[in-house]
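User: I'd like to go through this model with you and check what stands behind each label. Could you show it to me?

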Amino acid sequence: MQIGMVGLGRMGGNMTRRLMKAGHRCTVYARSAESRQSLTKDGAIEADSLADMVRKLADRPRAIWLMLPAGSVTDETVESLGELLESGDIVIDGGNSFYKDDIRRARKLAVKNIRYVDCGTSGGVWGIERGYCMMIGGPKEAVDLLDPIFAALAPGHGDIARTPGRDKGDPRAERGYIHAGPSGAGHFVKMVHNGIEYGLMQAYAEGFDILRNKDSKDLPEGERFVLNLPDIAEVWRRGSVISSWLLDLGAAALARDSQLADFSGYVQDSGEGRWTVEAAIEESVPATLLTTALYARFRSRQAHTFGEKMLSAMRFGFGGHIEGAESIDPSLAPNDAAPQQASG
């Protein structure tokens, strides 16, 4: 299948490479000529503008996938494509857009019968190898048409055991992607996914902070322990009910440096956590843990605990996120922490 890819950063570039490896033909555009040319060496067709990309997409209907920052950049690109594309063409936003923006964009493009698909994409810097978990919103006929693209990007069944009772369920979920509902539904599900991620990370961070401070001088001398955090993280990875990919990443960071000296403890939030809390307020759903986890990130920008260094280390591990107040050597990315299962 032929597809256009706009935005060739950490995820966009790797997604393009995964698609080409599966035999799909990719036409690529980014403002950076260097980014475009690095992919043409791998077999992509370079476009020097959005208009050039539309001209070079010979298959009909055209499909163009955006991997751009949420907000004005994506809005402007969707607006430009709305002027360039024709009836029946498809725009896919695979970034982290706010779901209400998706609903608005879909309605505007529908006037020209251009179909809009939103795809919440999880996988970070590991996606090129392990695949991307995708939560998709949009009209059924467009999602079905794009199925070869989603199937190529998804992790597949991997070695994860089947869930009992799913014999009659949608088989796509077991392969790592779902059609969640109409436009906006994909990014809404991904938004809540990221809100949950905040809570999981905060739980690990606070737990390791408690472990590390067990030798505090504020405790009676006979109750102090000097605990081996790398060993604790490692043993929890193996057979524990709290094992997870996030713990894998934390264990890898601790194995390199048990003090996490390369991490300042400054922890950014990318937006989805805030939107999840806002959705909970709109729905009158109590989201105590997720709200607290968001506020903990705000607090991390004022003073830094070991727990916040742990949060920062996990965030760097799965997404390569360089927090605002630190300078981390990219070579520290945990190449040994890739999960053994094709989980989302």
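User: How many aromatic pairs does the structure hold?

Analyst: The structure holds nine aromatic pairs. Rings of Phe, Tyr and Trp (its six-membered ring) pair if their centres lie within 6.5 Å; planes under 30 degrees apart count as stacked, over 60 as edge-to-face and the rest as tilted. A word on the source: this is a predicted model, where local features need pLDDT of at least 70, side-chain atom pairs count only at pLDDT 80 or more, and totals for chains, interfaces and linings use all residues. Residues are numbered from 1 along each chain as its sequence is written, and side-chain values use heavy atoms, with hydrogens and water left out.

User: Why is the pair of Tyr 99 and Phe 188 called edge-to-face?

Analyst: The ring centres of Tyr 99 and Phe 188 are 4.8 Å apart and their planes stand at 75 degrees, so the pair is edge-to-face. Tyr 99 lies in helix H5 (residues 99-110) and Phe 188 in helix H10 (residues 185-212), 89 residues apart, so the pair links distant parts of the chain. Helices here are DSSP runs (H or I, at least four residues), numbered from the N terminus. Ring pairs also join Phe 98, Tyr 99, Phe 188 and Trp 275 into a cluster.

User: What makes Tyr 99 buried or exposed?

Analyst: Its relative accessibility is 14%, so Tyr 99 counts as buried. Buried means under 20% relative accessible area, exposed over 50%, partly exposed in between (1.4 Å probe, protein chains only). Phe 188, at 23%, therefore counts as partly exposed.

User: Which residues touch the most other members of the largest nonpolar core?

Analyst: Trp 65, Ile 92, Val 117, Met 134 and Phe 150 do, out of 30 residues. Such a core is a set of buried Ala, Val, Leu, Ile, Met, Phe, Trp, Tyr and Cys residues joined through side-chain atoms within 4.5 Å. Helix H8 (residues 147-153) gives the largest share, four residues.

User: Where is the pLDDT below 50?

Analyst: Over residues 325-344. pLDDT is the predictor's confidence in each residue, from 0 to 100; the protein averages 91. Where pLDDT is low, the predicted coordinates should not be read in detail.

Note on methods:
Helices (H or I, at least four residues) and strands (E, at least two) are DSSP runs, numbered from the N terminus. Contact means heavy atoms within 4.5 Å.
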